[in-house]
Amino acid sequence: MDLDAVADELYGLSPGDFTSAREVRAKSARSEGERGLAERIHRLRRPTLSAWASNLLVRDQPEETRRLLQLGEALRQATEELDGDQLRELSAQQRKVTSALARQAAHLARQAGQPISEEAQREVQETLQAVLADPEAGQEWAAGRLAKPLSAPVGFPALSAPSSQASPRSSSRVSSKGRPTSRRKEAAGPTATEPAARTSARTADLEAARARRPQQERLEQARQQAAEADRELTEREGRLTAVEEEQGQAEELARRAEERIAELTRALAAAEGERDRAQDAVRETHDQAREAERSVKEARRHARDAAAQVRRLEGQLRRTT
């Protein structure tokens, strides 16, 4: 028996079945002499509904899991030197992605027969936001064995739109180290060293542009991945809506079929009762027919005997006259 295999099995069950199944596995491990394994199995915690729904999403949607992990990596790389507008754009995109996936997790939970509350659905979305912000949280979620929801680290830029003051047109900017750097002050007037200063400034601007290029490329990659995930989610939400409509129609057809079956069952029971009564009547009339046939035969015999008696008496009478 292997702990990973047992954990995979247990966290794939609904929360209501988790504890009893865990104790069965722990007891089995003890009976096989693996007391250490039994204790580790016993320490596995029953998942909350939101954690279970998050695990369900991982297990049922491996492609979406891969996409979200990739988006999180791109977002973390792209937030090193982003301005306010870019961070607001990424924040809006990640909220749309995580919200759609949280709704999908709630739909999967309903299909599994265990609906979750709006609060639990929000916890699923917070877990997905933690996955975007923290690579360790992403690995933990992708294993599909969460026992409780995850929380994103405080201060991850893409999870909260920055202040409107954080703009490339503000009086200061933030370096990749997070330290504010002031704009270069313009000289009050021409000096003897002005050409050299201008050359130095142009060189610094070129170096800064080259330094920003990798971040810009990562930002563009993050935008492309977010847009792709957004398109994919829109398409999947459309399919989900269509499937839910088809499911509603199928449920209505099933309900009507059940009503028809109940109606036919009642009609069948009534017909079977009529058949039984008819069969009883047939048996009764058959018995009566047999009795009448015996009576007819008996009457015929009596008639023949009476006719013979009449003939004998008539013969005797003729002989005596």
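I41 sits in helix 3. Helices here are DSSP runs of H or I with at least four residues, strands are runs of E with at least two, and both are numbered from the N terminus. This is a predicted model: local features need pLDDT of at least 70, side-chain atom pairs count only at pLDDT 80 or more, and totals for chains, interfaces and linings use all residues. Residues are numbered from 1 along each chain as its sequence is written, and side-chain values use heavy atoms, with hydrogens and water left out.

Is I41 buried or exposed? I41 counts as buried because its relative accessibility is 0%. Buried means under 20% relative accessible area, exposed means over 50%, and partly exposed lies in between (1.4 Å probe, protein chains only). Set aside the neighbours within four places in sequence, and I41 is in contact with M1, L3, V6, R22, R25, A26 and A29. Contact means heavy atoms within 4.5 Å. L10 is 31 residues away from I41 along the chain, yet their C-alpha atoms are separated by 9.7 Å.

Now turn to helix 1. At its start, a side-chain oxygen of D2 reaches to within 3.0 Å of the backbone nitrogen of D4. Buried in helix 1 are V6, A7 and L10. They line one face of the helix, because they fall within an arc of 100 degrees when seen down its axis. That arc is taken from the directions from the helix axis to the C-beta atoms. An α-helix has 3.6 residues a turn, so residues three or four places apart point the same way. The buried residues of helix 1 pack against helix 2, helix 3 and helix 4.

Helix 2 comes next. It covers residues 15-31, 17 residues in total. From first C-alpha to last, helix 2 reaches 25 Å, close to the 24 Å expected at 1.5 Å a residue. The expected span is 1.5 Å times one less than the number of residues. P15, F18, A21, R22, A26 and A29 are buried in helix 2. Its buried residues pack against helix 1 (3-10), helix 3 (35-42) and helix 4 (49-60). Just after helix 2, G33 takes a positive phi of about 85 degrees.

One aromatic pair turns up in a search of the whole structure. Its partners are Y11 and F18, tilted, at 5.1 Å centre to centre and 50 degrees between the planes. Rings of Phe, Tyr and Trp (its six-membered ring) pair if their centres lie within 6.5 Å; planes under 30 degrees apart count as stacked, over 60 as edge-to-face and the rest as tilted. Y11 counts as buried because its relative accessibility is 5%. F18 is buried too, with a relative accessible area of 0%.

Further along lies T98, in helix 6 (residues 84-111). T98 is buried, because its relative accessibility is 0%. Its side chain makes a polar contact of 3.3 Å with the side chain of Q125. A polar contact is a pair of N or O atoms within 3.5 Å; within protein, one must be able to donate a hydrogen and the other to accept it, and residues adjacent in sequence count only if both atoms are side-chain atoms. Neighbours within four places aside, T98 is in contact with Q125, L128, Q129 and L132.

Finally, the whole chain. It has nine helices and two strands. From the N terminus, the order is α-α-α-α-α-α-α-α-β-β-α. Of the 321 residues, 27% are buried.
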